[in-house]
Amino acid sequence: MTRAVVLLAALSTVAADGASQAPTPYRADARVATIEHALAAIAETPAPILQQRVERARALARGACSAGSERLRVECLIVAAQRHCRELPAPDTRCLVTMDIVVSNVLADERLIPLDRRYAIVRANADYRAALAAELRRVQAELAVDFRLHAGRLEGRSDLAAGIDRYCRATAEETRFPYPTCVSSLVWTIDETK
Amino acid sequence: MIGTKTLALLLLLVAVVAAVIALGSFAPDRLAVRGPATLLVVGGFGLVTGTVVFRFLHLGEQSRHYFRWTTESFTWDVSEAHFVGGRRRRVVIGENRDGEAFDLARSTRLALSIAIASVVALAAIGSRALEQMQGAYQGIATSTSSLTCPEEEAPKPVARDPNEPGCELIRRAYALGYIKSLGECAPRQEQQTAAARPVCTRRQRDEPLLHYSWRRLVDFWGGRRGATGLSYVKQSSADFERRWAHLEPLVRSEQQMLASAPHASHHVWTNLPDPGDGAFRPAECAVHFARLPHRPTPPPGPTQASQVFEHVLGQLVFEGTYDAPAGNCREYHVHWGAPADACQRLAASPEGFLAAEGALDDVRQTLTRYRVAGDLASLGSARPPQDPSPFVTFHCYVEGQGAGRASVPLSLDGVRLAADELRVAPSAPGTVLYVDRYDAVGRLLANGFHYGHLLSEAGLDEGSAAGLEASFAGPDMLVTRLYELEGIDIYLDPGWLLHRPDLLEVYPYERHLRNYVQVFRRQYRRQAGRL
């Protein structure tokens, strides 16, 4: 009887430990680390490769992953990005991190340019793709400037990552951009303009 | 013995210089920003104005009177009179018949007069004033200014883009007979009907300045005559009589405005203890509720439930982040620590209960404002609704035994009102989201409030959210995965997200909480408001 009680207590302790150690990749410190890795990966990846990945992600979003359900679309893009990185001729450890930002940016497009604004641009410009790209860069640049004004002087990549995390969580109401949209736009724009 | 004109000039100069120094007009930085043009205008103004004043006030002539300081004893002298001072030391004023009083030389007095006018001009005219004067003159004098009538432009031909996006298919469908109209892709009319343009009363491009000035003067005089004619007097008289007949409500309305009387009176009784933060103090509540965290995170303790209730009430009604506030927090009164049967007591004896709670005056002021607004409706003011109950509401929020909503009718000063009570079970220990409190407060304030799948931003994706938990355990693509949270509305069912505090930190509240608050306020505004 005593043995059984001891065994039960040990099992419940293990179970409790297991529950408390459930993966929480979105804790504050983990989020900052993710952003820091993304900043580094984007900075270290050559521009032509980044451009190739952007085109790949856009093609997937418009083609194979153009589902009506947002969840299906996101899941499809994640699986396709993982597959793309797995099938690279030369292994690239930064591939998944850069693809994360690139795919997030593709999904962010329609959040950064609202539908009514998108229609207005398409109707007003014969070469609407270029106009949409210009508008996207304008909104992203505006977000980056606002971030710089809010965050002040940040020393080093880890400070910058912490600043981006803080800013994107705090200003979602004003900018109306979800956290991932804000993070990927800032990581992309700030690194690009260095 | 000094002449009055000399004394007046000297005193005026001293006063003007002292005032200008006190106002900082002689400060080096302010003098530096005045350009040479300003100084030229100042000099010109001083010269002209000083000379005019010197000439028309006869400052060049000898003073008729003089002032004299004396300590002599009083004597009977018809040419002198006591001006100021006591019996022994005084100033006397006398007639300067023989010109024996001291007066500055004529040229010196002229110089003083010009100097005073220049100093006043220097204090009053800055570079900006000069620019505005120049701008005003140029605006009137030049033919291309905004004060002149615009030239009529010939209508431009409408450019048509044969490759307008989306139109090719529509044109094809129209040609094949699948649709009956081209809609926005139809060829645009070259000649659009010119809208009737109003008569331009500004200066015509070829109109001489003098003619324009005369026209403006005639217009002004015509306007004055219109405001002094018989019909205007009759109308004014009728208006006065009408307002005179409503003098009492008008006076009351003014009094209410001056006293900042409440436009509404909303009272909530709750058995929860006072959180002690004074959030509903009239002077501070607007600041307190201007911006709240996404979700209440009160520390455990005896006032935890009160803080949650206060947060939820503030977020649903007052916070301006998501939508225009649905009420003014100064007109909401939360009565903490009320008995659980507060609404029954209120319904049983409205006047006594409200007086005991210190709410009677507030409620009566609102009802008086309602009546005054009704009286003034015949004078052109907005007529209030038939029923005053949206402006005076009574709610009871009880956490404890039992559950459900009940409404008890009551009557106060002949006005039929109601006291609505909602009973809910206390939150379970360790709760992190308090979604059920949002629902409870929403149902308490807005009778019939409901938030369902059809109102949610998550739409039909919500149904498949249950399987998402596994997706958020993945080690990669962490940013992209967060888009999937947009399909989970925690205000419908938080589900497994309750156990993921890390995800709650990056949850898209700006999407779902905003929607929840907007849906609530749409329903709440139909039932409560302010005069």
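**View 1. The hairpin of β8(B) and β9(B).** Two residues sit between strand β8 and strand β9 of chain B, which together make a hairpin. In the turn, B:Asp413 has a positive phi of about 50 degrees. This is a predicted model, in which local features need pLDDT of at least 70 and side-chain atom pairs count only at pLDDT 80 or more, while totals for chains, interfaces and linings use all residues. To find your way around, note that residues are numbered from 1 along each chain as its sequence is written, and that chains are lettered from A and ligands numbered from 1 in the order in which they are written. Strands (E, at least two residues) and helices (H or I, at least four) are DSSP runs, numbered from the N terminus. Two strands pair if DSSP finds at least two bridges between them. β8(B), residues 404-412, pairs with β9(B) in the antiparallel sense over nine bridges. Look for B:Arg405, whose bridge partner in β9(B) is B:Leu422, and for B:Ser407, which stands opposite B:Asp420.

**View 2. The open sheet of chain B.** Five strands line up here in the order β6-β5-β7-β9-β8, with mixed pairing. β7(B), residues 392-399, and β9(B), residues 415-424, pair in the parallel sense over six bridges.

**View 3. A helix across the strands.** Helix α15 of chain B, residues 435-445, lies across β7, β8 and β9 of chain B. α15(B) runs at about 165 degrees to β9(B). Axes are lines fitted to C-alpha atoms, for helices over the stretch in contact, and angles run from 0 to 180 degrees between N-to-C directions. Two residues are in contact if their C-beta atoms, placed from the backbone, lie within 7 Å.

**View 4. Two helices of chain A meet.** Now we turn to the other chain. The axes of α3(A), residues 47-62, and α4(A), residues 70-86, come within 10 Å and cross at roughly 140 degrees. From α3(A), the contact uses A:Arg56, A:Ala57, A:Leu60 and A:Ala61, and from α4(A) it uses A:Leu77, A:Ala80 and A:His84. Chain A as a whole has 10 helices and zero strands.

**View 5. Helix α7 of chain A.** How far apart are the end C-alpha atoms of α7(A)? They are 34 Å apart, which agrees with the 34 Å that its 24 residues (128-151) should span at 1.5 Å a residue; the expected span is 1.5 Å times one less than the number of residues. The buried residues of α7(A) are A:Val139, A:Gln140, A:Leu143 and A:Phe147. A residue is buried if 20 or more other C-beta atoms, placed from the backbone, lie within 10 Å of its own, exposed if 12 or fewer, and partly exposed in between. Just after the helix, A:Gly152 takes a positive phi of about 75 degrees. Across the 194 residues of chain A, 33% are buried.

**View 6. Where the two chains touch.** The contact takes 27 residues from chain B and 32 residues from chain A. On the chain B side, α16 (478-481), α17 (501-505) and α18 (509-525) are the elements that give two or more residues. The largest share, four residues, comes from α16(B).
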